[in-house]
Structure formats: structure tokens, C-alpha cells
Amino acid sequence: MKTAITEMFGIRHPIVQGGMHYVGFAELAAAVSHVGGLGIITGLTQKTPELLAKEIARCRAMTDQPFAVNLTFLPTFSSPPYPEYVAVIIEGGVKIVETAGRSPEPYLPALKAAGIKVIHKCTSVRHSLKAERIGCDAVSVDGFECGGHPGEDDIPNMILLLRAADELKIPFLASGGMADARSLVASLAMGAAGMNLGTRFIATKEAPVHENVKKALVAASELDTRLVMRPLRNTERVLKNAGVERLLEIEREKGASLDITDILDQVAGIYPKVMIDGDMDAGAWSCGMVAGLIHDIPTVKELIDRIMADAEQLIRNRLIGLLGHDQMPASEAA
Ligand SMILES: Cc1cc2nc3c(=O)[nH]c(=O)nc-3n(C[C@H](O)[C@H](O)[C@H](O)COP(=O)(O)O)c2cc1C
């Protein structure tokens, strides 16, 4: 399939694996890129720029296909040395960067000078338009359904993607709630040039996370996510568990006076406990409503091949089939 996104990034399928903390290691990024999607290494999961340089080299050893690095500018407990991360991305010869959180504007001149394409992840039309204005090459439009940080506007993709299509000139990916071929075909119909998947890619054989995480996603329904940190205007959609229930209790108790220090036990240092140790009650880790559409743990190749084969069937048989009656000569249709 050819779209503005496959052309821009030199990939075979319009399927991107969004950056994911403690999930987006070289193993997953390479697996996605190797079969024709765009895999993304999560920059800040690598604790230093030197470690990111090694992860980029590891990914390059696993695939000769293009892959990207995610740089997230969100409130973190440390202050990552972003210019140094940008420097190793450039030195590592990476040609695509996914940014998220705050505007990537301060780093665009360096990235552009190195010939890097920048895709900025946004949860609103106004941020998408700003990304376009400052020179980003594409945006990922992340609806309210998404795992991770959906922003504070709460606009689901059925509205957000059409609004983006009406306003944007640069190509965009539909992100949040994307599961299968139906998601892809619907996204293309709504004006996107491909889709970005997060949660769905965690439940794959190659995702380098504890089996408990994959099993939890298969077991979860679309009713099992919770929104945390709303009072801090740093909303995150996470999978419910004992730690998250405790977090929500504290939020209810503290009300508007909630401070990040009140919930550190439930939000800080949780990812290694969940993703490496498989402690599913540790606290808040991002998960999308799409968990309700995840019923198996395929290989990345099986997942992507299935999406592309089913999308073709869906377009050729179901959609074109819907027009069949009109295309028939009037005499036969009667
Ligand atoms: C476990 C997990 C960790 C994530 N970590 C990051 C991150 O570090 N940076 C980022 O930009 N997005 C992150 N995301 C968001 C994804 O890149 C993607 O935008 C989102 O998952 C799309 O929604 P979906 O989960 O419904 O597919 C994360 C998502 C998940 C599920």
C-alpha cells in the first residue's frame, strides 16, 4: 500500500509502532521495521545518551530498514539532557524522529540540518497545526482513547481525525485505539495516511516485556483503563490494578490540593517493575482502551501481515462491493 507516510519514510506498510517507555527497545523496533512498518526506539528509556547510541547500533544490526527514535518532552522526575540525546540520534544516522509532549521547536533546526524527518505526536488540532507551522513533516493525532497521555481535551478519534483532516496540509497518522485492518481502513477513510499503534504492539511475541503484561492485555476489556493525574493536568490512561486503585483513592482524598509527591509510590519507577518483573499491581503504566480488541499474542510479522491482508480484503470486497449495485448496468441492476 502506498500513502504519503510510506513514501515519506520509505516503508512498505502505513503502520507505525509508537514510542513506548520500557517497551520500545531495539528488539521490537527492529521487528516492526524489518517487516515493512516503522519501528520506534524510545529514547528516554535509555538512561543516558551513550546508552541510546548503543541501542541505535543494536537496532541497526538487527535490520537494514528505516527505524525511528522517540523523544518525549513530558514532566519527568529527572531532567534529561535533550541536546545530547539529539546529538546521538544524529550521529547514529537515524533519519526519523518521533517527538511528543512539548513542542520540538528548539531541536528542529539541528534535526532538519541532519536531514531528519520529524513526526510530532499531538492530542489536539491546535497543537497539530502548530507542529505543521514550525516545520514538522508529519503528525500523529492521538485521540482520547489512546494509551499514555491523551491531553486534557478528551476528543475521541471519530471527531479528532476528521478535524485534523479538515485543517492539516501535512500527512498525519491516526493514533489511539488502533487494533486491526478495520482501524487502518477507517483511518484512511478519515483522511489519515496510516496508523500508529502502541498498546497492540505490546501483545506481540517480540515485545521485550514480561509475559504477565501480554497476558494482562489479552485478559483486559475496553472497560479496564483508568485516567490518572487529571488534577495535575498530566492525564495518563493506564491499566487498572491495585496500585492504580490506591492512586485514585489518594486523588479523591486530596482533591484539588493533590501534589505529585502524594502519588510518587504509584507513578515513579513503575515501568521496570511492570515490564521487567511482571508485577501487575505495581502502579500506573500506560494502556489504551484498545486492550478490549486484543485477543492474541502474534509475532509482529503475523500481526502486520494480517492487518495488510485483511485491509485489502476489506477494501476490495466489502467497500467496493457496497458500490456493486451502482456499477452494474441499469438493465442488470433492475
Ligand atoms: C506502555 C506505553 C508506554 C508509552 N510510552 C510513551 C512514551 O514514552 N512516549 C510517547 O511519546 N508515547 C508513549 N506512549 C504512547 C504511544 O506511543 C501511542 O501514542 C499510544 O499508545 C497510542 O494509543 P494506543 O495504545 O491506543 O495504540 C506509550 C504507550 C504505552 C501503551
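1. His 120 stands opposite Val 139 in S6. The two strands are S5 (residues 117-122) and S6, paired in the parallel sense over 4 bridges. Strands pair here if DSSP finds at least two bridges between them. Strands (E, at least two residues) and helices (H or I, at least four) are DSSP runs, numbered from the N terminus. This is a predicted model: local features need pLDDT of at least 70, side-chain atom pairs count only at pLDDT 80 or more, and totals for chains, interfaces and linings use all residues. Residues are numbered from 1 along each chain as its sequence is written, and side-chain values use heavy atoms, with hydrogens and water left out.

2. How does the chain get from S5 to S6? It crosses through helix H6 (residues 125-134), and this β-α-β crossover is right-handed. Right-handed means that, with the strands pointing away from the viewer, the path from the first strand over the helix to the second runs clockwise.

3. S6 (residues 138-142) is mostly covered, with 5 of its 5 residues buried. Buried means under 20% relative accessible area (1.4 Å probe, protein chains only). In a regular strand the side chains alternate between the two faces of the sheet. In S6, Ala 138, Ser 140 and Asp 142 point one way, and Val 139 and Val 141 the other.

4. S6 also runs parallel to S7 (residues 172-175), joined by 4 bridges. Ser 140 has Leu 173 as its bridge partner in S7. The link from S6 to S7 passes through helix H7 (residues 157-167), again as a right-handed β-α-β crossover.

5. S7 is covered on both faces. Phe 172 and Ala 174 are buried on one side, Leu 173 and Ser 175 on the other. S7 pairs with S8 in the parallel sense over 2 bridges. Ser 175 stands opposite Asn 196 in S8. Helix H8 (residues 181-189) carries the chain from S7 to S8, in a right-handed β-α-β crossover.

6. Polar contacts are pairs of N or O atoms within 3.5 Å. A side-chain N or O atom of Lys 121 is 2.7 Å from a ligand oxygen. A polar backbone atom of Gly 177 is 2.8 Å from an oxygen of the ligand. For a backbone N or O atom of Gly 198, the distance to a ligand oxygen is 2.9 Å. Taken alone, the ligand exposes 610 Å², and the protein buries 94% of that. These areas come from the Shrake-Rupley method with a 1.4 Å probe.

Technical notes:
A polar contact is a pair of N or O atoms within 3.5 Å; within protein, one must be able to donate a hydrogen and the other to accept it, and residues adjacent in sequence count only if both atoms are side-chain atoms. Buried means under 20% relative accessible area, exposed over 50%, partly exposed in between (1.4 Å probe, protein chains only).
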